[in-house]
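Hi there,

Here is the structure I promised to pass on to you. Have a look at it first, and then read my notes below.

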Amino acid sequence: MIDIINGTISFNKIKYYDFDPIVFAKSFPDPTNPRTLCTDICNAMLNTAPSEKEYQMLLDTMLSGAKEYEWTIDDPNFKADVKLKKFLIEVAKLAKYQLY
């Protein structure tokens with residue numbers, strides 16, 4: 001999964017897969033709200049809800065030091081794509097994902 005998120009699936013230097021985290025995030029009902037987006041992605045990717053501690057870690061990873069009100073998915077300067085990739089990698093590292 002981490003290779004998919006990073007877009008590193010290739011053979012003989014030919015890239016076979018490209019993952020756009022912005023397009024992925026926009027497939028959820030409210031990608032402009034970081035809490036809602038975090039919850040929706042966790043519901044889609046995990047077999048059980050994350051604990052409060054796990055959820056906060058995931059939300060903090062998604063925000064990468066930004067405040068919730070600063071979250072924007074459409075401003076390239078905010079680098080939401082990079083933040084979402086880090087977040088998705090952390091989701092994929094959870095045992096709840098591995099056991100799904």
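Predicted model: local features only at pLDDT ≥ 70, side-chain atom pairs only at ≥ 80, totals over all residues.

Which residues of α3 are buried? They are Pro34, Leu37, Cys38, Asp40, Ile41, Cys42 and Met45. These buried residues pack against α2, α4, α5 and α6.

Two of these partners are worth a look in turn. Two packed helices are described by the angle between their axes and the distance between the axes.

Start with α4 (residues 52-63): its axis and that of α3 (residues 34-45) come within 10 Å and cross at roughly 120 degrees. That angle makes α3 oblique to α4. The crossing is right-handed. On the α3 side, the contact is made by Pro34, Arg35, Leu37, Cys38, Thr39 and Cys42, and on the α4 side by Tyr55, Gln56, Leu58, Leu59, Met62 and Leu63. By class, this contact has nine nonpolar, two polar and one charged residues.

Now turn to α5 (80-93). Here the axes of α3 and α5 are 11 Å apart, at an angle of about 40 degrees, and the two helices are therefore oblique to each other. This crossing is right-handed. Leu37, Cys38, Ile41 and Met45 of α3 meet Leu84, Phe87, Leu88 and Val91 of α5. The contact has eight nonpolar residues, with no polar and no charged ones.

Happy exploring!

Note on methods
Residues numbered from 1 in each chain as written. Heavy atoms only, no water. Axes fitted to C-alpha atoms, helices over the stretch in contact; angles between N-to-C directions. Helix = DSSP H or I, 4+ residues; strand = E, 2+ residues; numbered from the N terminus. Parallel < 35°, antiparallel > 145°, perpendicular 65-115°, else oblique. Left-handed = near helix turned anticlockwise from the far one by under 90°. Contact = heavy atoms within 4.5 Å. Nonpolar A, V, L, I, M, F, W, Y, C, P; charged D, E, K, R; others polar. Buried < 20%, exposed > 50% of the residue type's maximum accessible area, 1.4 Å probe, protein only.
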